[in-house]
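Student: I've got a structure open and I'd like to learn how to read its features one by one. Can we go through it together?

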Amino acid sequence: LIKNVFAQKTKGYSYKGLLQMLFLMPFLGAKNVHNLFYTHYQAFYKGKSDCLYDTLRNPYINWRLLLANFAKHSIKKTKDNSPGKALTFFIADDSDLEKHTPFFESISRVFNHVTRTYVFAYKLLTLGYSDGTSFTPLDFSLHNEKGKKKNYGLTRKQRQEQYKKDRDPKSQGAKRKKEMRIDKGVNLIKMVKRAVRRGVIANYLLTDSWFLSENMISKIRKIKNGAIHILSMCRMDKRKYSTNNGEYNAKALLKQSKQNRKNIKRSKKYRAYYIEQTVEYKGFKVKLFFVRLTKRSKWRLLVTTDISLTFTSAYELYANRWAIEVFFKESKQLLGLGGNQSRDFDSQIASTTLCFLQYIMLSLYKRFERYETIGGVFKDCKSSITEQIFSERIKILLIELVEMLVDILNLQIELEETISTLIGK
């Protein structure tokens, strides 16, 4: 899985060993590399902290390929052990990786939709894959936002004091940093295409209203001759839809449909009111579902390129998008996603990738060991590793005690043979 990910190392610890150590940190009770050296890490790692820091800051490591390899391996395992053929989904969304200061490399102020305030943060755009049971993160990019004044929400002094680093333009780190200023919708299309090239394909792409656009529909529907359908929430804005009676925006279509009460249907299963209409948008046939859950709530718009879907099936399929929200919450709470305090952008990419890898492994374990939650898996894995470390430390102390006794009593015995016999009994 790590082939072609790391550059060749001629001395010191292998990248495989360093990766294993970084991977294990949250299970050892360490939030970061500094905390690691206050845990019982000695049973696994005898090196210095600089080796681990250098690995995180290395711009030549292809972290994207490492994540893709792990994700593809995980998806293959779940497919091989799943009865029947289930519908599969690409799921995309973004989340804030909030920081406390403006001095992180290329960070900006972004609007937090939960707290309704502006915070220093990177926007984490994530593409994941789901078969309705497990969620697997496939790819991600970090973004900043220019803001209305084009100053990234920072003063000139704050921008000047931000961490800066020279990189080889051909390095992976330079490529990832260049992505920061690319529109998130454009980057999402690139992610989907990369996943398909690597052999991962899904029936539907599920997104929030921020991502749906003419470009998104056009580019995604061209992949594999229309193999991927889009199912997304959509803003009720000025974009026009073509009908037999002319072109109208969503609000006008809704107003027309509401005039005839027969158009408003009710789903007994979900206790929701809905209006469905097939229209054309920029040359593509799409189905619109205007939905409200109660008589007093606002109408929302759900759009799909799969015009064969009924309201019930569209509603149930779109519910799978919740998996990425759960992923963000669990990764932040359990694995410290976004908690890396290094100002180096390469380190932010590395730590985010490691969180994603840890989640993939926990998700696999949860699926095959029949756990109810990722949190339960994490707790048991952490406990198991702690027990292993404790056993290793007892063994080390035992060997030191025997060596001391042999030395003090000046015993004429074969030390290795004696220790082996003692441990065996």
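Student: How many disulfides does the rule count here?

Tutor: A disulfide is a covalent bond between the sulfur atoms of two cysteines. The working rule is a pair of cysteine sulfur atoms within 2.5 Å, and by that rule the count comes to 0 disulfides. Bear in mind that this is a predicted model, where local features need pLDDT of at least 70 and side-chain atom pairs count only at pLDDT 80 or more, while totals for chains, interfaces and linings use all residues. Residues are numbered from 1 along each chain as its sequence is written, and side-chain values use heavy atoms, with hydrogens and water left out.

Student: Is Cys234 buried or exposed?

Tutor: Buried means under 20% relative accessible area, exposed means over 50%, and partly exposed is in between (1.4 Å probe, protein chains only). Cys234 comes out at 6%, so Cys234 counts as buried. Cys355 has 5% and is buried as well.

Student: OK, salt bridges next. How many does the structure hold?

Tutor: The criterion is a side-chain nitrogen of Lys or Arg within 4 Å of a carboxyl oxygen of Asp or Glu. The structure holds 20 of them. One is Glu145 with Lys184, at 3.8 Å from N to O. That pair links distant parts of the chain, 39 residues apart: Glu145 is in the loop between strand E4 (135-143) and helix H5 (156-160), and Lys184 is in helix H7 (residues 184-197). Those labels are DSSP runs numbered from the N terminus, with helices (H or I) of at least four residues and strands (E) of at least two. Glu145 itself is partly exposed, at 27% relative accessible area.

Student: Which residue forms a salt bridge with Glu276?

Tutor: Lys287, with the closest N and O atoms 3.3 Å apart. Glu276 lies in strand E10 and Lys287 in strand E11, so the pair ties together parts 11 residues apart in sequence. Glu276 is partly exposed at 30%, whereas Lys287 is buried at 9%.

Student: Which residues are linked in a network of salt bridges?

Tutor: Arg64, Asp139, Arg176, Glu179 and Arg194. Within this group, Glu179 and Arg176 have their closest N and O atoms 3.6 Å apart, and both residues are buried.

Student: Now a helix. Which residues of H9 are buried?

Tutor: The general idea first: an α-helix has 3.6 residues a turn, so residues three or four places apart point the same way. In H9 (residues 250-258), the buried ones are Ala250, Leu253, Leu254 and Ser257. They cover an arc of only 100° around the axis (taken from the directions from the helix axis to the C-beta atoms), which puts them on the same side of H9. Lys251 and Lys255 are exposed on the other side.

Student: What do the buried residues of H9 pack against?

Tutor: Five strands are listed: E7 (240-243), E8 (246-249), E10 (272-281), E11 (284-292) and E12 (300-304). Leaving aside neighbours within four places in sequence, Ser257 is in contact (heavy atoms within 4.5 Å) with Asn263, Ile275 and Gln277.

Student: Which side chain does the side chain of Ser257 make a polar contact with?

Tutor: That of Gln277, at 3.4 Å. A polar contact is a pair of N or O atoms within 3.5 Å; within protein, one must be able to donate a hydrogen and the other to accept it, and residues adjacent in sequence count only if both atoms are side-chain atoms.
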